[in-house]
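User: Could you pick one part of this model and take a close look at which way its side chains face? After that, carry on through the side-chain contacts elsewhere.

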Amino acid sequence: MKQHTEQAFETAIEHHLTTTGGYQKTDRDSFDPERGLFTQDVLAFIKKTQPREWEYLEGIQKDKAEATLLDDLCRALDSEHEGCLAVLRHGFKCFGKLFRVAYFAPASGMNPDTQALYAANQLSVIRQLRYSSKHGNTLDVTLALNGIPVVTVELKNAMTGQTWRNAIHQYKNDRDPSDLIFQFKKRTLVHFAVDTDEVYMTTRLSGKNTCFLPFNRGCGGGAGNPDNPGGYKTAYLWEQVLERHSFLDILARFIHLQIEEKKLGGRRVKRETMIFPRYHQLDCVRKVVDHARPNGTGNNYLVQHSAGSGKSNSIAWLAHRLATLYNDKDEKVYDSVIVVTDRVVLDQQLQNTIYQFEHKQGVVQKIDADSAQLADALSTMVPIIITTLQKFPYATEKMGSLEKRKYAVIIDEAHSSQGGETATEMKGVLSEAYVREEAAKYGEEHGLPDHEEEIVKTMLKRGKQPNISFFAFTATPKYKTLEVFGQPGGDLSAGQAGGKPQPFHLYSMRQAIDEGFILDVLKNYTTYKSYYRLIKSIEDDPRVDKRKAARALARFMSLHPHNIAQKTEVMVEHFRHFTMHRIGGKAKAMVVTSSRLHAVKYKQAFDKYIAEKKYHGIRTLVAFSGTVVDPDAPGMEYTETGMNVDSKGKRIKEKELPKRFGTDEYQVLLVAEKYQTGFDQPLLHTMYVDKRLAGIQAVQTLSRLNRTAPGKEDTFVLDFVNEADDIREAFQPFYEQTSIGEQAEAQQLYELQAKLDEHQVYHKVEVEEFCKVFYKPKRNQTAADHARMNACIDPAVGRFTQLEEDVREEFRKELVAFRNLYGFMAQVIPFQDSDLEKLYSYIRLLLTKLPKGDRGPVYNFDDDIALKYYRLQKISEGSIMLEAGKQEPVSGPTDVGTGAPHSDEIELSKLIDILNERFGTEFKPGDQLFFESIREDAIADGELRQAAMANTMENFDYVFSKALEGLFIDRMDQNEEITAKFMNEDRFREAVSKHLLKEVYDQIREEAEAVNDK
């Protein structure tokens, strides 16, 4: 046998499985293609492990017993309501007796009897199996459990010129899904296409429509597999995943049937998908469990898994494993698992998945009523509880003290709010017995009064709890998330320590894109800019605050009917010509607006434009919260349900909107602060952005597009506001592993405390007196306590009002900075300081009583400013490329300054000039001396003259090129054609700039020399 052939590859796999993998060879000729079973192996297993049941059946059926048993087994395997997976886990009935075809390891320790049954499982490897009597096709490798085929593998060897792609082609084109061994749910459960470098898998053969998913480990932050010094890159498949104990565990507690029901017209359609864990999911759950088993409670785990990575299934598998986890002493590690989520879909998914594993009801309980329901579930130790964070603060009132119990808390989409007071309340509820005991012990040792003991309790609640482990899932970890849930340094599962916090497990955005689990939303990204000239329409030239006036002018411009109309036309026409025909004519778009009023105006503009053009196949929905009043239409109020009316004239309820948008009836969703996170609509193809986006918000908003769907090959973003560089900067930290930059330090709290004390707004005695009341044990509280707390705060409020205005605002900002920093730092610093805790509690209520600051003048330029010229211009299109291997860390709050903006007053007319230079204009054609006019303007420009005199021509180019666009815009009325060419065509712009640069630079310096000579 040649060493480089496919046969040699096959032999190497068989050799490993049969020598160290826990398998044995089975004769391929023993396969019964009509039953799709290795019948003798099935019978041998049942006779060996269930002799009484077999004896009973044989006594009734005599020599027909074997055929009867096999017929009933096939009936169960072929049943729509049972199937191979259910039969493997729960057995089948034959003549009133339950027969098992496999025995899986229990969660807790095995007694000798269960050990013997588990050991009796026979895993077989079969090469070149002829699986049908209709033809001579063979499978390279088949794996069977106790005579039931469960896995097929097609192997390819790159040395013979074939790869996994050829294996996939073979499955799609040469394997008939109607052959019994391939029939969905009935026999084999997963199919692998394997070469020496990569692995792909599917759970359902559907001819040319078969969808294969990567099953690779990842390499260097991207797709593929790393080099394996000991052999094949793909050896992990048969050495780890398919190894006897691993594969039996996957069959018992990972693979499951996902059932989705949809209404099509009047019919309910059921869609079934066999879910086999992707490699990163299997790896993550096992590594977390392997660390949690010996280490118990009191640990935090951060799982950074990209959007589209299957977090719902990962959470379901982990929840089940943790709920049934026992340590080496056969003690339960966690009494209950609490899943904190806002996603409704996760509830049903968890219940269905875990029912398939255990066939028990009551394992999972969703808290959908009130805090009393949560209190009852915690008291009765429901194995898996699904709830929202907000129910915890009220649960304490509904129940007595919980006994000492151990909890695993899984947080779906962890974010910084997990560090707030609500999260502290959750920890307080779950660790109440431990905190009470520890605080009492500390109080006794230090002779503390009751209220000081309560302060100690509150401080203890903030940090890590000895009886709780947190498992936080997110695609975009913020700095606070990394600090609170991350592990210090290296690989915690490998026992490494030290260094800045990092995720326990990573499946990066880059790998998810490379592997095709999500789409790259930055691949087709077009930016537009609005160029306009504003003119002052009043005779006065009032002095205005530059910053506030600029914002007011920008708002005036963005809400101007002409601006809304122009952008609406661009979006609707783009959708008609480029989007609506994608994904088989089902593609949808989202318009992200900057405010609720913008959403209202865009909804009106879209519907008006579509009606005027008599377009069909484009209908819109709008999403915003509350009621909007349009200042341009006094007396009119707008609500989401009031604006969303279907074709029958019925209003669409808020809860119905996501489902209705998913139908063929609606194509465009206009949003304001809604559906930009956690909204999963795979048919969403295009996004129109008319809102400033930055950081995590940019990533989460644009990632609404990244879900895959049949026929969806790409996405498109048209952005009216943001620069490509800003979007790149937002995405880069989350492209691979998110890391921490500069860390916050406890010393910052003391520095802020000292700054606050200096103002002498509050007195220490007032803080102390306040805390005596605030931290009073509930049993001692009286009706007069509220008045006493106010009496402690009011003097500080009075002193605050006596401060100078700028000092007041500085002090307020320092209070907010202290509140936010302490709320976060108290979770991660390794010590408690009661003085900081007292000040924190006092400040939280003081801030609510301080009079709102004078925010300065509010400008409304509707009557003072008019829009004269307007132009919408495409600036860039193409891909925004993220850099592999480049880490852009996220940093903590390291500056204790307030960053208060300083007011800067200028004449309104000059501010308008600045805006015009920035945004451009559109004029009538000018004369033939246009270039000469531009040159003269540049030479006369004082700033350019200074720059030319102080710099080389190369350095002057940097200043000049920036100024040149403004000069062209200022003279656009002289020659619109040349200006448009200059603005839109890079080569023309470069030639003109180069020509004018030399002329302007030389003439400025010549004139200066002439003056000096005189």
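Analyst: Helices (H or I, at least four residues) and strands (E, at least two) are DSSP runs numbered from the N terminus. This is a predicted model, so local features need pLDDT of at least 70 and side-chain atom pairs count only at pLDDT 80 or more, while totals for chains, interfaces and linings use all residues. Residues are numbered from 1 along each chain as its sequence is written, and side-chain values use heavy atoms, with hydrogens and water left out.

The part I'd pick is helix α35, residues 942-950, where Leu-944, Ala-947 and Ala-948 are buried. Looking down the axis of α35, the buried residues fall within an arc of 100°, so they line one face of the helix; that arc is taken from the directions from the helix axis to the C-beta atoms. Gln-946 and Ala-950 are exposed, on the face of α35 turned away from the buried side. At the start of α35, a side-chain oxygen of Asp-941 comes within 2.9 Å of the backbone nitrogen of Leu-944.

β24 pairs in the parallel sense with β27 (residues 668-671) over four bridges, and strands count as paired if DSSP finds at least two bridges between them. Leu-621 has Leu-669 as its bridge partner in β27.

On to charges. A salt bridge here is a side-chain nitrogen of Lys or Arg within 4 Å of a carboxyl oxygen of Asp or Glu, and the structure holds 44 of them. Take Arg-175 and Glu-154, whose closest N and O atoms are 2.8 Å apart. Arg-175 sits in the loop between α7 (164-174) and β7 (190-194), and Glu-154 in strand β6 (residues 148-155), so the pair links distant parts of the chain, 21 residues apart. Both ends are out of the solvent: Arg-175 is buried at 5% relative accessibility, and Glu-154 is buried at 0%.

Arg-799 and Glu-766 also meet in a salt bridge, 2.6 Å from N to O. Arg-799 lies in helix α30 (residues 785-801) and Glu-766 in helix α29 (residues 764-774), so this pair ties together parts 33 residues apart in sequence. Arg-799 is partly exposed at 23%, whereas Glu-766 is buried at 11%. Within α29, Glu-769 bridges to Lys-772 at 4.0 Å between the closest N and O atoms; the two are three residues apart, about one helical turn.

Rings come last. Rings of Phe, Tyr and Trp (its six-membered ring) pair if their centres lie within 6.5 Å; planes under 30 degrees apart count as stacked, over 60 as edge-to-face and the rest as tilted. That gives 30 aromatic pairs. Tyr-301 and Phe-471 are stacked, at 4.8 Å centre to centre and 0° between the planes. Tyr-301 is in strand β12 (residues 300-305) and Phe-471 in strand β17 (residues 468-474), 170 residues apart. Tyr-301 is buried at 0%, and Phe-471 is buried at 1%.

How values were computed. Buried means under 20% relative accessible area, exposed over 50%, partly exposed in between (1.4 Å probe, protein chains only). A polar contact is a pair of N or O atoms within 3.5 Å; within protein, one must be able to donate a hydrogen and the other to accept it, and residues adjacent in sequence count only if both atoms are side-chain atoms.
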